[in-house]
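Have a look at the sequence and the model below, and keep both open while you read. We'll go from a strand to a metal site and then to some helices.

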Amino acid sequence: RTGARYGPRQIRTESVLVRPYGMATRAAPFDSFQVADLGDVAVNPYDLSSSIGIIEDFFDHALAHEVKPVSIGGDHTITLPILRALARKHGPLAMVHVDAHADINDEMFGERIAHGTIFRRAIEEGLIDPTKMVQIGLRATGYSAEDFDWSRQQGVRVVEAEECWHRSLAPLMDEVRDLIGPDTPAYLSFDIDGLDPSVAPGTGTPEPGGLTASQGLEVIRGCFGLDLVGCDLVEVSPPYDTTGNTALLAANLIFEMLCSLPGCVRR
Ligand code: MN
Ligand code: MN
């Protein structure tokens, strides 16, 4: 189901309700960093591979400065060119990936680059260290029963949604911080469909039985202490977001990402 191209616009709109301080964490991202909206990347809507190159160039240019990009999708395809640019700067990255889907298909409709293939490409290209990668919230139906096994075979820690049901994810994130450590450059990629459709219906491929909003917050807050060099929030599709609540939640999750960047002050 299409429409993720309108995600950034709607998330910006709903972000007017986000205030500057995190009450639970006492985090003060706007006192800690210069936070700027770099605007939209002017992709070529007629040509995906051209758009991948345009996104890479945009991030190469931005990363020539001391910036930590927090990016809004768009569909999950955007993560691949972002990771290429980040890995050129930092080397292979640790990865915290929230999603209903593993996104490790070899191809989709014959295409090697699509929103469901990016993490296979990223691991093949050496952009991610799979032994320092965790995938959280995977579930639902697959093309085969082995769909998540390729990740496991690479050494990725796969945390299916069922492992998350009815519990706090804070202990899991303690494990994740131990696994990744404080010094490895790390990336947080948050596909909104990792959350349950009851809290985030506005997305292209909703799957029942997902994470709650508070579990999503726990994952992002649990990344504080990692050497996060970037984050993204992808796959919000406003045409399916009839109340605007998905974009509102996304705006708050992005605020929490700012709060989890290294060096964010707690008041
Ligand atoms: Mn995804
Ligand atoms: Mn997904």
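How many residues of E5 are buried? The answer is 7 of its 7 residues, so to speak a mostly covered strand. "Buried" here means under 20% relative accessible area, while exposed is over 50% and partly exposed is in between (1.4 Å probe, protein chains only). Strands (E, at least two residues) and helices (H or I, at least four residues) are DSSP runs, numbered from the N terminus.

Before going on, a word on where this comes from. This is a predicted model, in which local features need pLDDT of at least 70 and side-chain atom pairs count only at pLDDT 80 or more, whereas totals for chains, interfaces and linings use all residues. Residues are numbered from 1 along each chain as its sequence is written, chains are lettered from A and ligands numbered from 1 in the order in which they are written, and side-chain values use heavy atoms, with hydrogens and water left out.

Back to E5. Pro-185, Tyr-187, Ser-189 and Asp-191 point one way from the strand, and Ala-186, Leu-188 and Phe-190 point the other way. E5 runs parallel to E2, joined by 5 bridges, and parallel to strand E6 (residues 227-234), joined by 7 bridges. Strands count as paired if DSSP finds at least two bridges between them.

Now for the metals. Donors are N, O and S atoms within 2.8 Å of the metal (3.2 Å for Na, K and Ca), and water is not among the atoms, so sites may look incomplete.

| Ion | Donors | Distances |
|---|---|---|
| manganese ion (ligand 1) | His-76 (ND1), Asp-99 (OD), Asp-103 (OD), Asp-191 (OD) | 2.1 to 2.3 Å |
| manganese ion (ligand 2) | Asp-99 (OD), His-101 (ND1), Asp-191 (OD), Asp-193 (OD), Asp-193 (OD) | 2.1 to 2.5 Å |

Asp-99 bridges the manganese ion (ligand 1) and the manganese ion (ligand 2), which lie 3.3 Å apart. Asp-99 lies in the loop between E2 and H5 and Asp-191 in strand E5, so this pair ties together parts that are 92 residues apart in sequence. Asp-99 counts as buried because its relative accessibility is 0%, and Asp-191 counts as buried at 2%. Along the chain, the donor residues of the manganese ion (ligand 1) follow the spacing H-x22-D-x3-D-x87-D.

On to the helices. Two packed helices are described by the angle between their axes and the distance between the axes. Helix H1 (residues 7-14) and helix H9 (residues 245-260) pack at about 80°, with their axes 8 Å apart. That makes H1 roughly perpendicular to H9; the label covers 65 to 115 degrees, while under 35 is roughly parallel, over 145 roughly antiparallel and the rest oblique. Gln-10, Ile-11 and Glu-14 in H1 meet residues of H9 including Leu-248 and Ile-254, where contact means heavy atoms within 4.5 Å.

Finally, find Ser-51 in helix H3 (residues 48-63). Is Ser-51 buried or exposed? Ser-51 is buried, with a relative accessible area of 7%. Leaving out residues up to four places away in sequence, Ser-51 touches Val-43 and Asn-44.

Notes. Axes are lines fitted to C-alpha atoms, for helices over the stretch in contact, and angles run from 0 to 180 degrees between N-to-C directions.
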